Amino acid sequence: MHRSRHLLATALAGLLAGAAWAAAAAEGQPLKVGVYELPGIVSLEGGRPVGIAIDFWREIADRLGLEATFVVEKDIATLVADTAAGRVDVMLGPLAVTEARERQIDFTHALLTSGMRIVVPDREARSWFVPLASVFSRELLGVALAIVALVIVTAHLLWFVERFRNGRAFPPGYREGIREAIWWSISTVMTGGCDNKSIETTAGRAVAIVWILGGIAAIATLTGTIAAKLTAEQVTGSIHGPRDLAGRMVGIMEGSVAAQAVRSRGGSVLSYPRLKDALAAARLGEVEAVVHENHIMQALLLEPENASFRLVGPIFDTYDFAMAVPPGSPLRETLSTAILAAREDGSLKRIIERSFGRED
């Protein structure tokens, strides 16, 4: 029942919005076009919105002879709500087309197709303790536990075969004997020998030979793992692409489709009102990466204050990005037809290349 009422209310809002637009068009009134500030997409210069979203609109509006009054909202969620309620006639976005949003508003044909991209702090800008902390991984812990287990096993074997014939070095008492045997095992593998303790039995010497060879290999594995971790973390970081988001805390913009992209890969999200806030959180170490649409991320990284960040990994989770109108608005078909024409003659592509450069 509740769902039916929601659908009825949405349909009624769409009909009212369509009627309002038809009346405005008949009287020659400008359309109410909703935008929100987003780096690389829309910015305000002297109170007037500029950017690729406005360029898209100008191209389509000129083809249709439409006039507009821009309505600037604080965030994407507010603008979607305004569009769903018919308080604006067109929402520029471009907004990612998703099933959830399609239940609230109607989309035009796509203006462009793009996807999510990951931004991480540049390794050179990170504090010294970040790569050091990354060393303590599950892999390293496993190697360290294996070495501890080998030390304990070797100490017990050595004490067992030496305790009666070499009681001075390895006392027969368990506590004292094992303590001395563990000290011999650690000293031998770390320094190459233990001068104050000799091995006298044949069995003990066999244990010692096996431990010396195995211990050297174990320590080499441990130091190699640490070195590899430190080098990889310092050079390329711990996040190389979408798969590495698992178990990470990732910053996103509120209302963004990036939340689903991160959660579907096992990551956790922290939402921020603006992308700049998410980048500031990454700079402070509150999140390990920031995920958002590729073109917007590229535009953000061109700003001087974001020079300490870089893009990693490929584009993933691609979406169509389009304009939106209230449910049932007759503007949908009109705008879609003009968008198709602008796509076919290359006008939209030229706008994209002018704003973001040519892509291979």
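Helices (DSSP runs of H or I, at least four residues) and strands (runs of E, at least two) are numbered here from the N terminus. This is a predicted model, in which local features need pLDDT of at least 70 and side-chain atom pairs count only at pLDDT 80 or more, while totals for chains, interfaces and linings use all residues. Residues are numbered from 1 along each chain as its sequence is written, and side-chain values use heavy atoms, with hydrogens and water left out.

Eight strands form an open sheet of mixed pairing, in the order S4-S1-S5-S10-S6-S9-S7-S8, where two strands pair if DSSP finds at least two bridges between them. The edges are strand S4 (68-73) and strand S8 (268-272), each of which pairs on one side only. From one strand to the next the twist averages 30°, with axes being lines fitted to C-alpha atoms, for helices over the stretch in contact, and angles running from 0 to 180 degrees between N-to-C directions.

Within this sheet, strand S5 (90-96) pairs with S1 in the parallel sense over two bridges, and Gly34 stands opposite Met91 in S5. S5 pairs with S10 in the antiparallel sense, over three bridges, and the bridge partner of Ala96 in S10 is Phe321. Because seven of the seven residues of S5 are buried (under 20% relative accessible area, with a 1.4 Å probe and protein chains only), S5 is largely enclosed by the rest of the structure.

Helix H3 (residues 76-84) lies across S1 (31-36), S4, S5 and S10 (309-325), running at about 130° to S5. Elsewhere in the sheet, strand S7 (residues 249-253) and strand S9 (residues 289-293) run parallel and are joined by two bridges; Gly251 has Val290 in S9 as its bridge partner.

How values were computed: Contact = heavy atoms within 4.5 Å. Buried < 20%, exposed > 50% of the residue type's maximum accessible area, 1.4 Å probe, protein only.
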